[in-house]
Structure formats: structure tokens, C-alpha cells
Amino acid sequence: MNVIAPGPLDDSFYRDAETPESVARATQASVLHRLGKVEDIVPLVEFLASPGSQWITAQTLFINGGYLAR
């Protein structure tokens with residue numbers, strides 16, 4: 001099983017739970033200086049659901065625009 005760990009996304013789920021100040025901090029913390037978009041996540045989900053990912057196992061994939069470097 002693989003896990004996708006997205007960073008802050010520019011959607012109502014995130015924005016409704018945050019203050020304008022915390023959204024601004026998260027935006028600036030990204031290498032691209034923006035929140036993520038659902039469209040940033042979808043290609044990874046599609047890839048992991050494809051036969052091409054069969055050798056990727058037990059991974060946590062952080063897809064977050066550099067918001068959290070590991």
C-alpha cells in the first residue's frame with residue numbers, strides 16, 4: 001500500500017479551516033509560493049493506479065510543492 005500526503009490545497013476544505021494569516025504562511029512556505037491544486041495531485045493518483053507503478057510499494061509520497069522537505 002502507498003500513501004499520498006498532499007500539502008495544503010487551495011480548496012474549501014483547507015481554507016474554511018484556516019485563517020487568512022495561516023493561508024498566507026502556507027503559501028509562502030511552498031517553493032512555488034502557492035497552495036497546491038487538486039490538479040497537482042491527480043496525476044500521481046493516476047500513476048499509482050496504473051500498472052507502471054507495480055514496483056512502488058509501502059511508500060509515503062509527499063506531494064506538496066516543497067512545503068515540507070524530508
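Predicted model: local features only at pLDDT ≥ 70, side-chain atom pairs only at ≥ 80, totals over all residues.
Figure 1. Of the contacts in the protein chain with a separation of 6 or more, 64% join residues 24 or more positions apart.

**Figure 2. Extent and surface of the protein chain.** Taken along the principal axes, the C-alpha atoms fill a box of roughly 40 × 25 × 20 Å. The protein chain has an accessible surface of about 5,200 Å². Carbon and sulfur atoms contribute 61% of that surface. Among the 70 residues of the protein chain, 24% are buried.

**Figure 3. Charges of the protein chain.** The protein chain carries 5 positive and 8 negative charges. A distance of 7 Å separates the mean position of the positive charges from that of the negative charges.

**Figure 4. Asn64 in the segment after β2.** Strand β2 covers residues 60-63, and Asn64 lies in the segment that comes after β2. The relative accessible area of Asn64 is 15%. Because this value is under 20%, Asn64 counts as buried.

**Figure 5. Contacts of Asn64.** The side chain of Asn64 reaches the backbone nitrogen of Gly66 at a distance of 3.1 Å. With neighbours within four places in sequence left aside, Asn64 is in contact with Pro6 and Gly7. The view therefore shows a buried residue, Asn64, together with Gly66 and with Pro6 and Gly7.

Notes
Residues numbered from 1 in each chain as written. Heavy atoms only, no water. Helix = DSSP H or I, 4+ residues; strand = E, 2+ residues; numbered from the N terminus. Buried < 20%, exposed > 50% of the residue type's maximum accessible area, 1.4 Å probe, protein only. Polar contact = N/O pair within 3.5 Å; in protein donor to acceptor, adjacent residues only side chain to side chain. Contact = heavy atoms within 4.5 Å. Areas by Shrake-Rupley, 256 points an atom, 1.4 Å probe, with all protein chains shown as cover. Lys, Arg positive; Asp, Glu negative; His and termini not counted. Charge placed at Lys NZ, Arg CZ, Asp CG, Glu CD.
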